[in-house]
Amino acid sequence: MTAPKGLKTLVLYAFLFFPACGSTAVTVTQQDPVVIGNTLVLKSEILNNEIPLNIALPSNFDLSSKLHTYPVIFLVGKHGSEFFHALSGIVKHLADVERMPETIVVSINGGSPSPDIYHNDMFGGQSNKKWPSWGEPKKYHDFYQNELFPFLKAHYRANEKRTVIAISTSSFFPLNNLIHEKQLFDTYVFLAAADIIGMGYTPNKTMVDSLVERVSEDPKNGPLIYFAVAGDDLKKEKKYQSNVNKLKSRLKSIKDLPFVLKIYDNEGHYDALLKTMLDVIEIKYPKSLWSAKYRDIVTKPGNALQNIDNYYDQLSERYGFTILPRSTRWNSVNRLGFISTYLIRQGRVIEAIEVAERYTEYQPKSWQAYESLAKAFEANEDNLQALKNAKIAVRLVDNEVNKSLLLAYINQLTEAPE
């Protein structure tokens, strides 16, 4: 994964600890960082401020063509950078095994703006105490819509499928946005906000009341709303349980509203994040749709590539953005690279060429794609085209070992009888 020049790379370092005395047979011959993402600082004209954020891109981002676009999951507020690594790890793993689409993860670091709010004794103060707004939520909304989203689209091929994760006090801005705007994100996930929803824009009126008024206007076309609550939080304050009960009863009563409330027993305030994300991902991307068996698809009657396209066209129509079959996947047969080889073994050589050509279209910088296409042409006894694509693979190859293997393959093709 590469980043624009000048951006700081976010890394994890591995450290080796040696005993204070004595000798060891182990020596460090090399030490490199493990890159999990990049840190960017964006200068916002709308906010007249610099906004730091972390970004993690899909595993195959650099190899993939412009045909690939990606949903984005946002973490906001001071909790953003704290949980960025955990969330990006979940997303990377599940995307790599095709349990969800390849997805960009972004944490907006620092404070999350808050509107004027009466805290209604949620933090132990007086019911009529008012917190004045800070961070200018309306300007932040404009920053997201008019600066951040276009930036991510232009530089990272982000599409319009957006999820926001709001944790504890970082829930103020997304909840305010959901109540007043409702169009920035298609999924709102709130964790550890049992106290926040009991606050309100006026004394003794809660954010639950305001939320119900807003989502009742057009529930069928609204975003998915997912509230996760740690069981330990509900044990602390009876008023938190009352807030959750009110939220559940009032939102559940709205017909066709995509709303989920999940209470995680025996979990602490922040502990439920991983379980929450796994549940949200299963709701949005059920396994029944996201674990395609490529060999089963191509063994059905009809053309292999057309069968694959039909499957992913249906998936794209369901989700509202273009979803493409995977060209490569680690240690998996469910990818175009393997299916081309599989079709050759089945004697379906012309179809193997079609699949390999699609592989090169999706990953034009991949030497493996052109090697795959060369092997398909070779199987069709077209050594001229095989040689052409093998030479392209050599130009793209990333290390000397693979380069030597490709050169040996080229020699083999060159020496083969006409």
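Q: What does buried mean here, and what do exposed and partly exposed mean?
A: Buried means under 20% relative accessible area, exposed means over 50%, and partly exposed lies in between (1.4 Å probe, protein chains only). The model is predicted: local features need pLDDT of at least 70, side-chain atom pairs count only at pLDDT 80 or more, and totals for chains, interfaces and linings use all residues. Residues are numbered from 1 along each chain as its sequence is written, and side-chain values use heavy atoms, without hydrogens or water.

Q: Why is N177 called buried?
A: Its relative accessible area is 2%. The cut-off is under 20%, so N177 counts as buried. N177 sits in helix α3 (residues 172-180). Beyond residues up to four places away in sequence, N177 touches H141, K182, L184, F185 and Y188; contact means heavy atoms within 4.5 Å. N177 and P137 are 40 residues apart in sequence, yet 8.1 Å apart in space, C-alpha to C-alpha.

Q: Why is β4 described as largely enclosed by the rest of the structure?
A: Seven of the seven residues of β4 are buried, so the rest of the structure largely encloses this strand. Y70, V72, F74 and V76 point one way and P71, I73 and L75 the other way, and all are buried. In a regular strand, side chains alternate between the two faces of the sheet.

Q: How do you know that β5 (residues 104-108) is mostly covered?
A: Five of its five residues are buried. I104, V106 and I108 lie on one side, V105 and S107 on the other, and both faces are covered.

Q: Which strands pair with β5, and in which sense?
A: Pairing requires at least two bridges found by DSSP. Strand β4 (residues 70-76) and β5 have five, in the parallel sense. Strand β3 (residues 49-56) and β5 have four, in the antiparallel sense. S107 of β5 is the bridge partner of L75, and I108 of β5 is the partner of L53. β4 also runs parallel to strand β8 (residues 158-167), joined by five bridges, with L75 opposite I165.

Q: What makes the unit of β4, helix α1 (residues 78-96) and β5 right-handed?
A: View the strands pointing away from you: in a right-handed crossover, the path from the first strand over the helix to the second runs clockwise. β4, α1 and β5 make a right-handed β-α-β unit.

Q: Why are helices α14 and α15 called roughly antiparallel?
A: Axes are lines fitted to C-alpha atoms, for helices over the stretch in contact, and angles run from 0 to 180 degrees between N-to-C directions. Angles under 35 degrees count as roughly parallel, over 145 as roughly antiparallel, 65 to 115 as roughly perpendicular, and the rest as oblique. The axes of α14 (residues 383-396) and α15 (residues 400-415) cross at roughly 160°. Therefore α14 and α15 are roughly antiparallel. Among the residues making the contact are L387 and A390 of α14 and L406 and I410 of α15.

Q: Why is α4 called roughly parallel to α6?
A: Helix α4 (residues 207-215) and helix α6 (residues 238-252) pack at about 15°, with axes 10 Å apart. That angle makes them roughly parallel.

Terms used
Helices (H or I, at least four residues) and strands (E, at least two) are DSSP runs, numbered from the N terminus.
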